Amino acid sequence: MSKPTIYIAAGHGGSDPGAVSGKYIEKALTLKTALACKKVCLDCGHGGSDPGAVKGSRTEKEDVLRLGLKVRDLLTAAGINVVLTRTADESVSINDRCKIANAAKCDYFLSIHRNAATPDAAGNEIWVHSQAVAHVVDKAQKILNAVCAVAGKNRGVKKGAAGNY
């Protein structure tokens, strides 16, 4: 029996960025090769005084919160325990986001963003710990390739700053 695998890729555009179509979710849920776990920390990026990317009246912090809450429901339905770093429009430091995930002993930390600062910033990327070993980077690359097969440009696997994350 295969373990549940969920890939998260935020698209851009559309009239309702919080809407998650059944067809899109079906594609995402059928990519069953990389994320087998019991507990996930979902980090809906930005929040509070940090709006993230802004386009007209839309803000990244609102878009990714709506998406994150829907992804939480999908993960929960798949039998995965979910911890959220925020459930409302509030400021949470990067350090506190990591503390939340570590205190809950999550298997994965998934931070949802909608990169849009410039056309070059659009796309999907995965960040790994600054001291991640080769097999972790390889796994991240496989996940990223699968995400990009569903939607978006591949911006690569990136490592956090040394001594940081």
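**Core and helix packing in a predicted model**

Me: In this predicted model, what covers the buried residues of α2?
Reply: Several residues of α2 are buried, including Val64, Leu65, Leu67, Val71 and Leu75. The cover over the buried residues of this helix includes β1, β3 (58-59), β4 and β5 (108-112).

Me: Which element supplies the largest share of the largest nonpolar core?
Reply: That core has 11 residues, among them Val40, Leu42, Cys44, Ile80, Leu84 and Ile112. At least two of its residues come from β1 (39-44), and at least two from α2 (60-77). The largest share, five residues, is supplied by α2.

Me: How many Å does α2 reach from its first C-alpha to its last?
Reply: The helix has 18 residues, for which 26 Å would be expected at 1.5 Å a residue.

Me: Is Thr85 buried or exposed?
Reply: Thr85 is found in the loop between β4 (81-84) and α3 (94-103). Leaving aside neighbours within four places in sequence, Thr85 is in contact with residues including Cys41, Leu42, Val92, Arg97, Ile100 and Phe109. Residues under 20% relative accessible area count as buried, and Thr85 has a relative accessible area of 5%, so Thr85 is buried.

Me: Which side chain does a polar contact of 2.7 Å join to that of Thr85?
Reply: Among the residues in contact with Thr85, once neighbours within four places in sequence are left aside, are Asp43 and Cys44. The polar contact of 2.7 Å joins the side chain of Thr85 to that of Asp43.

Key: Residues are numbered from 1 along each chain as its sequence is written. This is a predicted model: local features need pLDDT of at least 70, side-chain atom pairs count only at pLDDT 80 or more; totals for chains, interfaces and linings use all residues. Side-chain values use heavy atoms; hydrogens and water are left out. A nonpolar core is a set of buried Ala, Val, Leu, Ile, Met, Phe, Trp, Tyr and Cys residues joined through side-chain atoms within 4.5 Å. Buried means under 20% relative accessible area, exposed over 50%, partly exposed in between (1.4 Å probe, protein chains only). Helices (H or I, at least four residues) and strands (E, at least two) are DSSP runs, numbered from the N terminus. A polar contact is a pair of N or O atoms within 3.5 Å; within protein, one must be able to donate a hydrogen and the other to accept it, and residues adjacent in sequence count only if both atoms are side-chain atoms. Contact means heavy atoms within 4.5 Å. The expected span of a helix is 1.5 Å times one less than its number of residues.
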